Amino acid sequence: MPRHFLRDDDLTPDEQTAVLDLADRLKADPLGSRPLAGPRSVAVIFEKNSTRTRLSFEVGIAQLGGHPITVDSRTMQLGREETIEDTSRVLSRYVDAVVWRTFAQARMDAMASVSAVPVVNALTDEFHPCQALADLQTIREHHGRLAGLTLTFLGDGANNMAHSLMLAGVTAGMHVRVGAPEGFRPLASVLEAANRRAADTGGSVRLDHDPARAVEGADVVVTDTWTSMGQENDGKDRVGPFRPFQINGSLLAGAAERVAVLHCLPAHRGWEITDEVLDGPHSLVWDEAENRLHAQKALLWWLLADGDVAVDGGSE
Ligand code: CP
Ligand code: NVA
């Protein structure tokens, strides 16, 4: 069975550290490793819009010596009732890995269930684990460590970034707080999974409906859009309840002195985050976007090598 990366807790704590170490190595020497030379091909398929994910996977696969094939799934037979499983069986006959952005996580699980090659989640409604890996790389660069740090996510507690940061954060031994309005709590199943993982790593998860309390003393403050792709017409008020959770200068003043501010982007300036903060001294969002490239290269290499990669150099 190939290794997949469908959600953040598919990596153990040690595996997550290995991928992050490899990401740092690839960042230091972006063109020095070509494990996909041959070339090995990777299908990168999108059922939703993308700027960063599409570009960073295409560039990253090429830098590793591989051949990226990017497809808008609306132009595939997948968009005309061919099943996910049949699509997956065919993809396995052509490519060495499948990267997919889709809607429900169940669709991602169906793709992986019959795949003979690694499947990577490039965002679902429930998780965005590639983004969370890049976020951890960025936080580690800034703070020099992950375990023991407090990370606060503000916004829709049930969105993909909230869920992924909960799972990825506790896997790294972090204390994750989710500051969200009533009615926008994380999925209970994700909360349970995060608590189970936290029990092994010394991390923790806490929910807060008071944004000031959620941010107090935090080492990292993260936000995301209040309306994720596919939620535009879900009938919920996605502005009013969220206003107190905007990251602005006065809310951020309650965080730690060296707080890092992250946002996966695209940002809705003046809504979930102010210009003052996004363009201010605590913001690491451009490094965070760059790290998508390094983290995903590391992940793909690691998955295709079945975890057998020497992080300190040499082996390909
Ligand atoms: N952060 C992120 O995944 O961006 P894109 O939607 O542009 O890929
Ligand atoms: N939560 C956002 C992330 C975009 C990268 C969405 O799903 O639209």
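**Close-up views of a predicted model**

**View 1. Two cis peptide bonds in loops.** P39 sits in the loop that links helix 1 (13–28) to strand 1 (41–46), where helices (H or I, at least four residues) and strands (E, at least two) are DSSP runs numbered from the N terminus. The peptide bond from G38 to P39 is cis, with omega near -5 degrees. A cis peptide bond also joins L265 and P266, with omega about 5 degrees, and P266 belongs to the loop between strand 9 and helix 10 (275–278). This is a predicted model, in which local features need pLDDT of at least 70 and side-chain atom pairs count only at pLDDT 80 or more, while totals for chains, interfaces and linings use all residues. Residues are numbered from 1 along each chain as its sequence is written, and chains are lettered from A and ligands numbered from 1 in the order in which they are written.

**View 2. The surroundings of ligand 1.** Ligand 1 is surrounded by S50, T51, R52, T53, L123, Q131, C264 and L265, a residue being counted when its C-beta atom, placed from the backbone, lies within 6 Å of the molecule. By class, this shell holds three nonpolar, four polar and one charged residues; Ala, Val, Leu, Ile, Met, Phe, Trp, Tyr, Cys and Pro count as nonpolar, Asp, Glu, Lys and Arg as charged, and the others, Gly among them, as polar. At least three residues of the shell come from each of domain 1 (8–127 + 292–304) and domain 2 (130–289), with bounds taken from an automatic or database domain assignment.

View 3. Around ligand 2 lie L123, N159, N160, M161, D224, T225, S228, M229 and C264, which divide into four nonpolar, four polar and one charged. L123, in the loop between strand 4 (119–121) and helix 5 (129–143), has a phi near 125 degrees, a positive value in a residue other than glycine.

View 4. Five strands form an open sheet in the order 7-6-5-8-9 with parallel pairing, two strands being paired if DSSP finds at least two bridges between them. Strand 7 (204–208) and strand 9 (260–263) stand at the edges with a single partner strand each, so one side of each has no neighbour in the sheet. Strand 6 (residues 175–179) runs parallel to strand 7 and is joined to strand 7 by five bridges; V176 has V205 of strand 7 as its bridge partner.
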